[in-house]
Amino acid sequence: MNFEAIKSIYLFEMARLQRTLLQSVISPVITTSLYFIVFGTAIGSRIQTVEGVSYGSFITPGLIMLTLLTQCISNGSIGIYFPKFTGTIYEILSAPVAMTEIIIGYVGAAATKGLIIGVIILATASFFVDIRIAHPFMMVLFLVLTAITFSMFGFIIGIWAKNFEQLNIIPMLVVPPLTFLGGSFYSINMLPPFWQTVSHFNPVLYLVSGCRWSFYEIADVNPMISLGMIGLFLVICLSILGWIFKTGYRLRN
Amino acid sequence: MASVVSIDKLTKTYENGFQALKGVDLEIEEGEILALLGPNGAGKTTLISIICGLVNPSTGKVLVGGHDVVRDFRQTRSQIGLVPQELTTDMFETVWSTVNFSRGVYGKKPNPALVESILKELSLWSKKDSMLRELSGGMKRRVMIAKALAHEPKILFLDEPTAGVDVNLRREMWQLVEKLRASGVTIILTTHYIEEAEEIADRVGVINGGKLLLIEEKAALMKKLGRKQLRLELTEPLKALPESLSAYNLTLSDDGTALVHEYQGEEGQGTIASLLSTLAAENIHFRDLSTRQSSLEDIFVALVGEDA
């Protein structure tokens, strides 16, 4: 293992976070605060409780997941797409670094950034609503696994994308509907049976449900199934990455 | 001398079907400066990219220091430094951080003293805290070299190093190349500027159409392929060549004021003396004489064709 290389890539990516502090940390905080004001306070005050939890508290785990997902995908994809776009990737590809190490460096940094922002959102939320965490260990596990999985997913998008349009199409067009329809703002029990079934095909449902269970012990699906699904997504991403570094797809061709 | 890079029947066909290399064999010797000449699209950059690990070969084998570039990439790549053709830099990084990053990615422990000496050598020390986007093209080129040297490579690839570089920087770069060679670094450079190869290379390889057309000691190449020309400016114009001069490969200029004798490398030694004495015997006098040796450029053009 070339640990110096992993460290260098990781620290390089984290330094980028420092430079772009305003857009990478402050903007998700403002966005989330707006969600709390609009959904939690304005509309939420008319919705008394969902499954025994105040509406503002109910949406918090979903909001954290939503931010974590988008941040990890965008950090993971930009981190590798940008050097590909500017051409500086030549250096990493000609260095004595295995693809595994490149991935650990980039995905590790993207996941760390996502988690830092997740924690900041959690702290912000506690200003607006009551937060109770029933299973802190499980919460950390859900968040960390999600962060790693979706940073990998972002990394795959970054390698696949040939232009900025392709880079943005999944984070802009695919992720928001999935997160909005994945039970971030409601329990799927409120939906008609048909749409409940459809929701089970939405991967985000399992993430949000598992995360909400670790807070309030209420869940749309069994938390162990949620954990299993996250594990499955992780394995899928790992397999795609394995194929990418075996074939040199869009990197060494 | 031992060969430090050995290339065996290397081919590369890109996904779009373009065959960039069509079976290249090449031994690069330790400590030499090898210049690879060739027109655009000849396969120079593909060849370098395969040796450095940027592009996967289609068939054939490349060994660096006895290790396979695909299987033992850690051993091979850690010995190689690459200065690519394009100026690609992280615009928002400082000179200091980008050069230290290069060292780290190559798995070397931080060594600020070494990085400092490299930056000083390349006259970059005063710019160490500048962001790369603030630097001129020439300065960026120096940064690229500093990055390639940060992990103390044994083999340095310079892909078109002096494209778009002013005369001063070019001269400084050649001094640096000489210095690196003196410290035992093997240097492979590709170039369009034939004078450059002529000036600093030990050996010259010519690539065209994905094939290595020749590889030869520069001096031997010049000797073997270089034509020489002796030009005599006559005091009185001649109407025709006298019979006694027909044995020499001579041409008379249109206005009859100059005689031009063409010969290959060494063969001229004996004939020139007898030519001159024959001229004296024929009472043909000349007021000036000049000789000219064909340059690598002429050799190159003759090899790859006029359209190169």
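Ground rules. This is a predicted model: local features need pLDDT of at least 70, side-chain atom pairs count only at pLDDT 80 or more, and totals for chains, interfaces and linings use all residues. Residues are numbered from 1 along each chain as its sequence is written, and chains are lettered from A and ligands numbered from 1 in the order in which they are written.

Chain B, then. It has 10 helices and 14 strands. Those are DSSP runs, numbered from the N terminus: H or I of at least four residues for helices, E of at least two for strands. The C-alpha box is roughly 75 × 45 × 35 Å along the principal axes.

Now the contact between chains. 22 residues of chain A meet 26 residues of chain B. Contact means C-beta atoms, placed from the backbone, within 7 Å. On the chain A side, H1(A) gives the largest share, 7 residues.

Last, helix H7 of chain A, residues 164-180. Its 17 residues reach 24 Å from first C-alpha to last, close to the 24 Å expected. The expected span is 1.5 Å times one less than the number of residues. Where does H7(A) bend? At A:Val174, by about 30 degrees. A proline, A:Pro176, follows within four residues. The bend is the angle between axes fitted to the seven residues ending there and the seven starting there.

Notes: Two residues are in contact if their C-beta atoms, placed from the backbone, lie within 7 Å.
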